Amino acid sequence: MDDVLIVGAGPTGLWLAAELRRGGVPDVTILEAREQRSPHSKALTVHARTLELFASRRALEPFLVEGIQIPTGHFGGLPDRVDLRVLDSPFPFTLAIPQARTEELLEEQALALGVKIRRGVKVTGLTQDAEGVTVQAGNDALRAQYVVGCDGTRSQVRTSAGIGYTGTDDTAWGLLGDVVLSEVPPAVDEPGYMAVPLPGGLHRVICTTSHRPEGPLTLEQFAAQVREVSGSDLGMRDPQWLSVFGNAARLADRYREGRVLLAGDAAHQHFPAGGVGMNVGLQDAHALGWRLARVAQKTSSDALLDDYARERRPVGADLLRSTQAQTVLLTRSDPDVRQLRALLSEFIATVPEFAKALGENLSGHSVRYPGAHPLTGTRLTSAPLTTTNPFDRLVPARPVLLTSPGTTTKPTMDVDKHEFSFATADEIAAVLVRPDGHVAWVGTAHEDLADQAAAAVRELLA
């Protein structure tokens with residue numbers, strides 16, 4: 001029996017598997033229905049918060065070597081772009097890298113950590129009992145302590161676990177083509193049109209429509225729609241990939257059903273606005289991995305898994321709110337929406353606080369799990385510490401206790417300890433950081449600080 005079976009070998013499943021192995025789980029297997037990794041790249045963007053996650057496990061370097069750093073981002077395709085250089089991060093940019101390459105790099109890391117990947121295995125159902133989960137895959141019945149569905153919007157894991165997927169159906173569609181262009185794409189300030197250069201002499205061209213094309217998308221259909229929106233078909237030819245996607249928005253009713261959990265697109269579906277979907281899936285995996293590792297090894301109670309569901313489902317709801325708002329800006333061109341686009345774009349250009357808030361939303365920096373202190377639930381960043389890159393403290397994938405020099409702590413606590421000077425709030429004497437990089441507890445200067453820290457660790461890992 002495996003400790004954990006993960007269904008789906010996309011970025012979310014691969015990162016989760018690697019996190020479980022880093023957390024000490026002996027047997028982690030990914031089941032993937034496809035025989036081969038897809039050569040097509042739905043996602044091209046890795047946002048700042050995801051880069052921080054990679055940095056916290058020393059997994060970032062290959063991405064920085066191959067990716068293109070872009071210091072701005074777009075919200076809803078508005079003409080004025082969001083400046084990401086103001087983000088409190090060592091990585092104040094987005095990284096452009098095809099998803100196919102992201103998956104390849106994540107798979108290499110997972111395999112090096114001892115993850116088993118079984119391709120061509122299609123899951124058709126599952127049942128669970130008090131001791132584990134039985135997964136039906138063809139004629140095989142596979143057994144595991146826990147199963148995680150990372151198998152996309154049509155998740156068989158979610159369906160078999162009886163978890164609802166509530167939301168709205170498609171009302172607008174995006175058409176995507178990775179094509180060769182004979183003309184340089186113009187900078188057109190029109191809703192529903194975008195052209196982005198890709199490696200190998202290709203461009204990704206995207207346009208939107210209120211009517212779904214009949215049958216598989218053809219180059220002729222795609223060129224006609226691009227011509228209608230932008231005034232030219234850009235001399236497109238040699239399509240490498242043509243695809244249609246809708247704006248359906250759905251959220252899993254719950255992220256946990258007993259020994260079955262959900263992450264990534266299995267938990268949330270949305271229009272791919274802002275390039276955030278893959279990133280939120282990776283962040284789901286990061287939030288789940290350390291918890292499930294401890295629960296699977298019986299060093300913590302399964303209440304940790306309820307904490308995952310409680311924290312991450314609101315993040316999924318916020319993802320839908322942001323992408324649905326952007327979908328209106330991207331897909332509608334009536335006069336009212338044009339005025340809205342003009343107003344919001346002006347705010348981005350002239351109101352720094354507004355632009356920064358949008359940048360934090362896109363990058364994943366706005367995610368916080370509130371607690372007793374203003375820093376509780378925030379990301380560990382350079383702001384409260386006298387350092388520019390705090391993420392190397394998190395490499396062991398264990399809780400980290402940062403204390404002022406000379407602070408006494410309990411020697412038996414299940415944490416990594418580092419003495420550090422705090423750059424803000426001089427009453428802060430200690431900060432307990434979860435393995436996922438969010439602050440769990442903040443200690444101020446009191447005589448019983450060591451006892452408080454020990455209690456905070458016990459509460460975190462209960």
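**Entry 1**

I looked up Phe 271 and noted that, at 5% relative accessibility, Phe 271 counts as buried, where buried means under 20% relative accessible area, exposed over 50% and partly exposed in between, with a 1.4 Å probe and protein chains only. I am working from a predicted model, in which local features need pLDDT of at least 70 and side-chain atom pairs count only at pLDDT 80 or more, while totals for chains, interfaces and linings use all residues. Residues are numbered from 1 along each chain as its sequence is written, and side-chain values use heavy atoms, with hydrogens and water left out.

**Entry 2: Aromatic pairs**

I then turned to the rings, since a pair of aromatic rings is described by the distance of the centres and the angle of the planes. Rings of Phe, Tyr and Trp (its six-membered ring) pair if their centres lie within 6.5 Å, and planes under 30 degrees apart count as stacked, over 60 as edge-to-face and the rest as tilted. By this rule I have seven aromatic pairs in the count. Phe 54 and Phe 63 make a stacked pair, with 4.6 Å centre to centre and 25° between the planes.

Phe 245 and Phe 271 make a tilted pair, at 5.3 Å centre to centre and with 50° between the planes. This pair links distant parts of the chain, for Phe 245 is in strand S16 (residues 237-246) and Phe 271 is in the loop between strand S20 (268-269) and helix H7 (277-296), 26 residues apart. For the element names I noted that helices (H or I, at least four residues) and strands (E, at least two) are DSSP runs, numbered from the N terminus. Phe 245 is buried as well, because its relative accessible area is 18%.

**Entry 3: Charges over rings**

I also looked for charges over rings, where NZ of Lys or CZ of Arg must be within 6 Å of the ring centre and within 35 degrees of the ring normal. The charged end of Arg 158 sits over the ring of Tyr 165, 3.5 Å from its centre, and that of Arg 259 sits over the ring of Tyr 146, 4.9 Å from its centre.

**Entry 4: Val 179**

Is Val 179 buried or exposed? I found Val 179 in strand S13 (residues 173-180), and Val 179 is buried, with a relative accessible area of 0%. Leaving aside neighbours within four places in sequence, Val 179 is in contact (heavy atoms within 4.5 Å) with several residues, including Leu 202, Leu 219, Met 236 and Pro 239.

**Entry 5: Cavities**

How many cavities of 30 Å³ or more does the structure hold? I recorded three of them, a cavity being a set of points, on a 1 Å grid over the protein atoms alone, where a 1.4 Å probe fits but cannot get out, and lining residues having an atom within 4 Å of a point. Grid points are joined across faces, edges and corners, and a volume is the space filled by probe spheres set on the points.

The largest cavity has a volume of about 160 Å³ and is lined by 13 residues, with Val 280, Asp 318, Leu 319, Asn 361 and Gly 364 nearest its centre. H8 gives the most to this lining, with four residues.

The second largest cavity holds about 90 Å³ of space, and among its lining residues are Arg 49, Leu 53, His 286 and Gly 364. H7 gives the most to the lining of this second largest cavity, with three residues.

Methods. On a 1 Å grid over the protein atoms alone, a cavity is a set of points where a 1.4 Å probe fits but cannot get out, and a pocket is an open set with protein on both sides within 12 Å along at least five of seven lines; lining residues have an atom within 4 Å of a point.
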